[in-house]
Amino acid sequence: MRYRRMYPALLCFVAFWAAFGFLMDDPANILPGLWKIIITEDALITDYVEIAGPGAAFVNSALVTLISVIILYLSKDPLNGYTMVEIGLMAGFSLFGKNIVNIWPIIGGTWLYSKVVKEPFSKHVSISLLATALAPVVSYMSLDNGWGNPLLGIAVGMAIGFVLPSLSAYTYKIQNGMNLYNMGFACGLLALMLVPLMNSMGASLETAHHWATGYNLPFGLMMAVLCSILIIAGLFFCGRPAWAAWAGYRRLLISTGRAPSDYLRMFGSAPVLINVGVNGLLGTALILITGGDLNGPTLGGILTIMGFSAFGKHARNILPVMAGVVLGGVFMKWGVNHSSVQLAMLFGTTLAPISGYFGWPFGIAAGFLHSAVVLHAGTPVEGINLYNNGFSGGLIAIVLFPLITTAIRHRQPELQDADYFDAFEHDTPIVPPPVKQDDD
C-alpha cells in the first residue's frame, strides 16, 4: 500500500514515452517500423532509432515497458526500489535490443522454472524481465536464414529463462555487492557457453553497429523535460515539505550504494524521485559535453542510470566512475566520443558501489579499468549479451574488491578491529537512519 501510486506513475511514463514517439515521426511509419524491429537480429549495437526511426523505437520501448508493468502487476510482485530498476532497464534496452516479440520466450522460461520449483512467479519475475538481456539469442535463432527457425528460438529462449534464476543467485554472492548489474554478469557467463556451442553447430554470429546521429536537440530537450518533472514531483508532490524532501536527498547522497541498497524503502519516494531526475540530467549532460550522440543506446544507458537511482546510484558515487571512463577515453586509442566509450561512461556506473564504498579515487580507477575491459569483454559473446557492461563490471568487481580491501586493511590499521570492519562490510557506518516515509 505504501507505494500504491507507483503503477499509475509508471503508466504515465509509458504514455509520455509513446507520445514522444508519435511526435518524432509520422504515425504512418510506426507500424512498418515496429515490424522492421521485430524481424531484425539484435546483436550489439543495433540502434532501433537508426534502423526503424525514432517513432517506432519509442513506441516499441513504451510497449515493452507496458508489458513489463502488466507482468509485475499480475504477478503481485512487491513494489520497491528494484521495481524502478526493472522498468528502467526494460524501457532503455527496448530502444536497442529488446522488442515486443523476442522477450516472451525468456520470460516464459522463468515462469516455467517457478512452476517446477513450486514457488510463486512473483519471487522470480524480476529475473524473468532482466534475463531478456539475452533476447538477441532468441532473435538470431528465429531469424537467421538457413540456420535458425522460430521454434528453435522459442526453445532456446525458454531454456535461458529457466537456468538464469539459479545462476544469477550464485553470481550475486561472488561480487560482494560491488557490481549493480548482477544479471549482466550472469548472462555474460551463460553467453560464454552459448556462443561457442552455437558456432560449433554452424551458426555465424556477428556483432553490429547501427548508431543514429543528429537527434541531440530533440532527445536532449525531452530528457530535460522528463527529469525536471521528476525533480519537481519529488520536491512538491510526495506529501512532504520541499525542505524535508531535499534533506532526504542529501542523506541519500552519503550512502555507499553497495547492493542491495533499496533507496525507496530507506529514504522514501521524494528523495528517490529527486535522485532519479538529477542523475538523468547528469547522464544527458555528460553525453552532450563529451561530444557524444543521444540515440537509442545512449538513452538506454541514461534510463538505466535513472532506474538504478532507486537502488544504489547517486551523483557522488557515479561521477568518479564516469570520470575514470573519460580518463580512459583520453589516454587510450578509442577517443572519448567513440560509441563504445560513450556507452561505457553510462553503463560503467554499475561500479558505483566501489566509489561509494572505498572512496572516489577507487571509483576513478574502476572506471579507467572498465573503459578498457568492456571494449573487449563483448568479443567472446559476439554481442548477444545486451548487458555487456554488467559482465565487464562483474569481472572488475571480483578482482578489485579483495585487492582494495587488503590494501585498506594494510594501510589503515584501525580497520583491523573486527567489530568496526564487520560494520564497514555491512554498510552501517555510512548509511543514516531512514527518514520518516510518506504514505505513497
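The legends below describe several close-up views of a predicted model.

**Figure 1. Packing of helix H16 against helix H17.**
Two packed helices are described by the angle between their axes and the distance between the axes. Here, helix H16 (residues 315-331) and helix H17 (residues 339-347) pack at an angle of about 160 degrees, and their axes are 8 Å apart. Angles over 145 degrees count as roughly antiparallel, and H16 and H17 are therefore roughly antiparallel to each other. The crossing of H16 with H17 is right-handed. On the H16 side, the contact is made by Met-322, Val-325, Val-326 and Gly-329, which meet Val-341, Ala-344 and Met-345 in H17. Sorted by class, the residues of this contact are 6 nonpolar, 1 polar and no charged.

**Figure 2. Burial of helix H17.**
The buried residues are Ser-339, Val-341, Gln-342, Leu-343, Ala-344, Met-345, Leu-346 and Phe-347. Val-341, Ala-344 and Met-345 are among these buried residues, and they also belong to the contact with H16.

**Figure 3. Packing of helix H9 against helix H10.**
The axes of helix H9 (residues 150-174) and helix H10 (residues 182-200) come within 8 Å and cross at roughly 120 degrees. H9 and H10 are therefore oblique to each other. H9 passes H10 in a right-handed crossing. From H9, the residues Ile-160, Val-163, Leu-164, Leu-167, Ser-168, Thr-171, Tyr-172 and Ile-174 take part in the contact. Their partners in H10 are Asn-182, Met-183, Phe-185, Ala-186, Cys-187, Leu-189, Leu-190 and Leu-194. This contact of H9 with H10 comprises 13 nonpolar, 3 polar and no charged residues.

**Figure 4. The surroundings of Leu-164.**
Leu-164 is located in helix H9. With a relative accessible area of 0%, Leu-164 is buried. When residues up to four places away in sequence are not counted, Leu-164 touches Ile-127, Ala-131, Leu-134, Met-183, Ala-186, Cys-187 and Leu-190. Of these, Met-183, Ala-186, Cys-187 and Leu-190 are among the residues of H10 that meet H9. The C-alpha atoms of Leu-164 and Tyr-113 are separated by 9.4 Å, although these residues stand 51 residues apart along the chain.

**Figure 5. The surroundings of Ser-114.**
Ser-114 is part of helix H6 (residues 104-116). Its relative accessibility is 1%, so Ser-114 counts as buried. Leaving aside neighbours within four places in sequence, Ser-114 is in contact with Glu-119, Pro-120, Phe-121 and His-124.

**Figure 6**
A pair of aromatic rings is described by the distance of the centres and the angle of the planes. A search of the whole structure finds 21 aromatic pairs. In one of them, Trp-246 and Tyr-249 are tilted, at 5.2 Å centre to centre and with 45 degrees between the planes. Both residues lie in helix H12 (residues 242-252), 3 residues apart, which is about one turn of the helix. Trp-246 has 42% relative accessibility and therefore counts as partly exposed, whereas Tyr-249, with a relative accessible area of 5%, is buried. Elsewhere, Phe-13, Trp-17, Phe-20, Phe-58, Tyr-215 and Phe-219 form one aromatic cluster.

**Figure 6. Two cis peptide bonds in loops.**
Most residues other than glycine have a negative phi, and most peptide bonds are trans. A cis peptide bond, however, joins Leu-44 and Ile-45, with omega at about -5 degrees. Ile-45 lies in the loop between helix H2 (30-38) and helix H3 (48-52). Another cis peptide bond links Ala-259 to Pro-260, where omega is about 0 degrees. Pro-260 belongs to the loop between H12 and helix H13 (263-267).

Asn-176 is a residue other than glycine, yet its phi is positive, near 55 degrees. Asn-176 sits in the loop between H9 and H10. At 27% relative accessibility, Asn-176 counts as partly exposed. Glu-382, which is not a glycine either, has a positive phi of about 55 degrees. The loop that holds Glu-382 runs between helix H19 (360-377) and helix H20 (388-411). The relative accessibility of Glu-382 is 22%, so Glu-382 counts as partly exposed.

Methods:
Residues numbered from 1 in each chain as written. Predicted model: local features only at pLDDT ≥ 70, side-chain atom pairs only at ≥ 80, totals over all residues. Heavy atoms only, no water. Axes fitted to C-alpha atoms, helices over the stretch in contact; angles between N-to-C directions. Helix = DSSP H or I, 4+ residues; strand = E, 2+ residues; numbered from the N terminus. Parallel < 35°, antiparallel > 145°, perpendicular 65-115°, else oblique. Left-handed = near helix turned anticlockwise from the far one by under 90°. Contact = heavy atoms within 4.5 Å. Nonpolar A, V, L, I, M, F, W, Y, C, P; charged D, E, K, R; others polar. Phe/Tyr/Trp six-rings, centres within 6.5 Å; stacked < 30°, edge-to-face > 60°. Buried < 20%, exposed > 50% of the residue type's maximum accessible area, 1.4 Å probe, protein only.
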